[in-house]
Amino acid sequence: MNALQTHTKHDKFFDEILAFTINPTEADEQIRKGSRVMVIDVRESKDFIKRHVPNAINLSDRQWWDTSGWPIDWPLIVYGYSFTCPVADKAVSEFARQGFLVMEIAGGFETWQKNRLPCEV
């Protein structure tokens, strides 16, 4: 593989990641505007109860398959703990496989809080 092919492959890889990522400020704007989105928190319930993104619902990985009744035309905004949280990545993959338009909040709840965005308890 030459340098141009490698560069093109990397560009495609990162473009695909960005297509499924939303920054916390953009996510907050969507929520505040009342956009038709579903916010999914995939952290443990004990952490969700303490603080979470406004309007979020908490789903463990054992609940990702049960999306019956969800509006398929509403984008899902998913978040986990941080940039290194593999659970959120897995959730995004599963929801996309089910046909949802889904985005992951870059940096998860940790970055949400660092940006001093609103939380619910």
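Which residue is the bridge partner of Asp-41 in E3? In this predicted model, the partner is Asn-58. The pair belongs to the parallel pairing of E2 and E3, which extends over three bridges.

The chain contains five helices and five strands. Read from the N terminus, its elements follow the order α-β-α-β-α-β-β-α-β-α. Of the 121 residues in the chain, 40% are buried. The accessible surface amounts to about 7600 Å², and carbon and sulfur atoms account for 56% of this area. Among contacts between residues at least 6 apart in sequence, 70% link residues at least 24 apart.

The five strands make up an open sheet with parallel pairing, arranged in the order E1-E5-E4-E2-E3. Strands E1 (21–22) and E3 each have a single partner strand and stand at the edges, so one side of each lacks a neighbour in the sheet. Helix H4 packs on the sheet, where it touches E2, E4 and E5, and its direction makes about 170° with that of E5.

Strand E4 (residues 76–79) is joined to strand E2 (residues 38–41) by four bridges, the two strands running parallel. Within this pairing, Ile-40 has Val-78 of E4 as its bridge partner. E4 is also joined to strand E5 (residues 102–105), again in parallel, by three bridges. Here the bridge partner of Val-78 is Glu-104 of E5. From E4 the chain passes through helix H4 (residues 86–97) to E5, in a β-α-β crossover that is right-handed.

Side chains in a regular strand alternate between the two faces of the sheet. In E4 both faces are covered: Leu-76 and Val-78 are buried on one side, and Ile-77 and Tyr-79 are buried on the other.

The largest nonpolar core has 15 residues, of which Val-39, Val-53, Ile-77, Tyr-79, Ile-105 and Trp-112 touch the most other members. Helix H2 (24–32), E4, E5 and helix H5 (108–114) are the elements that contribute two or more residues to this core. Beyond its neighbours within four places in sequence, Val-39 is in contact with Ile-31, Val-53, Pro-54, Asn-55, Ala-56, Ile-57, Ile-77 and Tyr-79. Another core, of 14 residues, lies apart from the largest one and includes Met-38, Ala-88, Phe-95 and Val-102.

When residues up to four places away in sequence are not counted, Val-87 touches Val-42 and Trp-64. The C-alpha atoms of Val-87 and Val-42 are 6.9 Å apart, although the two residues are 45 residues apart in sequence.

A distance of 6.9 Å separates the C-alpha atoms of Ser-60 and Glu-44, which are 16 residues apart along the chain.

How values were computed
Residues are numbered from 1 along each chain as its sequence is written. This is a predicted model: local features need pLDDT of at least 70, side-chain atom pairs count only at pLDDT 80 or more; totals for chains, interfaces and linings use all residues. Side-chain values use heavy atoms; hydrogens and water are left out. Buried means under 20% relative accessible area, exposed over 50%, partly exposed in between (1.4 Å probe, protein chains only). Two strands pair if DSSP finds at least two bridges between them. A crossover is right-handed if, with the strands pointing away from the viewer, the path from the first strand over the helix to the second runs clockwise. Contact means heavy atoms within 4.5 Å. Axes are lines fitted to C-alpha atoms, for helices over the stretch in contact, and angles run from 0 to 180 degrees between N-to-C directions. A nonpolar core is a set of buried Ala, Val, Leu, Ile, Met, Phe, Trp, Tyr and Cys residues joined through side-chain atoms within 4.5 Å. Accessible areas come from the Shrake-Rupley method with a 1.4 Å probe; for residues, only the protein chains shown count as cover.
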